[in-house]
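I opened the model and went through it piece by piece. These are my entries.

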Amino acid sequence: MKNKLSIRSHFDYLFDQVSLLCEEIKHADITKAYYYKLPPVQKKDELSAPEKIHVEKITGDLALANCIASYKDLFIEKKESGKVLTRHPGIILVNDPNDELKNRLVEVNLAKEAFKELVLEIANNDARFEAVHSAVPGLVTLAAYRKIHFEQSIPYSVRFTWMTKHSTKSLSKKAALEILQRSSQYTNPRAIDQQSWQTLLEQEKIRVSSLPSTSKLRIRRPTRVSPEVNVRFSAKNRYHVSGALPFVLLNPQEETKIGELKNYMRDDSDPRKKEYNYLIERIYLEEAEN
């Protein structure tokens, strides 16, 4: 197991590099900065996927200050929710003729990757949690892992959108039945009486029991949408990255089109949306494709 000193020293180096980056950005030749403030996630909403998200667009010096502060947002502090990472979509356009910021960004991301690799060498989840939070109290580990994405070429456009993800867990028929069995021990978990709840569970067990023993199942649970940055050079040359931290466009040119993050509204009428045929919709259980 990695010792406390090793984890702490790796994190301290990571945080030093982030701090240097923030100071260098403050004194850099910034041409534009945009920050898209999202509402904080309430504890009661941690496990739900929102139907709409209001975005507040911030520009100028205040946007730059928010972008810089977001890179250091690594601790739980007084956040309402500790399970949902705070997203900080935004973009900084900055002239960097001598590659000073680029080199710092590379070093920051290398430090993040080294810290992540060190932590993930601890195989057991509980031991990993204990080791990290003993070495760095209050750290939101996934926040420390997040890369700061940047581009140094001249793209046609840099735009923002919302990305919908699913949390997927594969399991066997036996494991699915065990989940249902544990559910039967709950007392009135939904707004129905206990007898109706037990009847529902028996129907679900029969549905799963009727499957072949070799069936491959999975729980495909929708998660919160996340902001995404789409960088386009041409119709075929494009890529997208997470917009959880402000994107940095180095040496920006006038011809690059910069988009903005709009309010999110779930669209259930999207014709591209896949219809899921859940075995048990309550827990998002479905048969996995072979």
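**Entry 1: the five-stranded sheet**

I began with an open sheet of five strands, ordered β3-β1-β4-β11-β5, with mixed pairing. I then looked up its edges: β3 (56-59) and β5 (150-151) each have a single partner strand, so one side of each is left without a neighbour in the sheet. Strands pair here if DSSP finds at least two bridges between them. Strands (E, at least two residues) and helices (H or I, at least four) are DSSP runs, numbered from the N terminus.

Before going on I noted the ground rules. This is a predicted model, in which local features need pLDDT of at least 70 and side-chain atom pairs count only at pLDDT 80 or more, while totals for chains, interfaces and linings use all residues. Residues are numbered from 1 along each chain as its sequence is written, and side-chain values use heavy atoms, with hydrogens and water left out.

Next I checked how β4 joins β11 (residues 247-250). I found four bridges, and the two strands run parallel. I91 stands opposite F247 in β11.

I picked V94, which lies in strand β4 (residues 90-95). Is V94 buried or exposed? V94 is buried, at a relative accessible area of 1%. Buried means under 20% relative accessible area, exposed over 50% and partly exposed in between, with a 1.4 Å probe and protein chains only.

I listed what V94 touches, not counting residues up to four places away in sequence. The list holds A28, D29, I30, T31, L101, V248, L249, L250, N251 and P252. Contact means heavy atoms within 4.5 Å. V94 and L249 are 155 residues apart along the chain, yet their C-alpha atoms are separated by 6.4 Å.

N251, from that list, sits in the loop between β11 and β12. I found a positive phi of about 50° for N251, although it is not a glycine. At 25% relative accessibility, N251 is partly exposed.

D99 also has a positive phi, about 65°, and is not a glycine. I placed D99 in the loop between β4 and α3. D99 is partly exposed, at 31% relative accessibility.

**Entry 2: N109 in α3**

I moved on to helix α3 (residues 100-120), where N109 lies. Which residues is N109 in contact with, leaving aside its neighbours within four places in sequence? I got K147, I148 and F150. N109 is buried, with a relative accessible area of 12%.

**Entry 3: the four-stranded sheet**

I then traced an open sheet of four strands in the order β10-β9-β6-β12, with mixed pairing. Its edge strands are β10 (238-242) and β12 (257-258), and each pairs on one side only. I counted five bridges between β9 (residues 226-232) and β10, and these strands run antiparallel. One of my checks was V231, whose bridge partner in β10 is Y239.

**Entry 4: α6 against α7**

How do helix α6 (residues 173-183) and helix α7 (residues 194-209) pack? I read an angle of about 175°, with the axes 10 Å apart. Axes are lines fitted to C-alpha atoms, for helices over the stretch in contact, and angles run from 0 to 180 degrees between N-to-C directions. α6 and α7 are therefore roughly antiparallel to each other. The classes are roughly parallel under 35 degrees, roughly antiparallel over 145, roughly perpendicular from 65 to 115, and oblique for the rest.

On the α6 side I noted K173, A176, L177, L180, Q181 and S183, which meet W197, L201, E204, K205, V208 and S209 in α7. By class, this contact of α6 with α7 has six nonpolar, three polar and three charged residues. Ala, Val, Leu, Ile, Met, Phe, Trp, Tyr, Cys and Pro count as nonpolar, Asp, Glu, Lys and Arg as charged, and the others, Gly among them, as polar.

**Entry 5: cysteines and A69**

How many disulfides does the structure hold? I found zero. A disulfide is a pair of cysteine sulfur atoms within 2.5 Å. I looked at C22, which is buried at a relative accessible area of 1%. C67 is buried too, at 0% relative accessibility.

I also looked up A69, found in helix α2 (residues 60-71). A69 is partly exposed, with a relative accessible area of 48%. A69 and C22 are 47 residues apart in sequence and 8.0 Å apart in space, C-alpha to C-alpha.

**Entry 6: chain totals**

Of its 290 residues, 40% count as buried. Among contacts between residues at least 6 apart in sequence, 82% join residues at least 24 apart.
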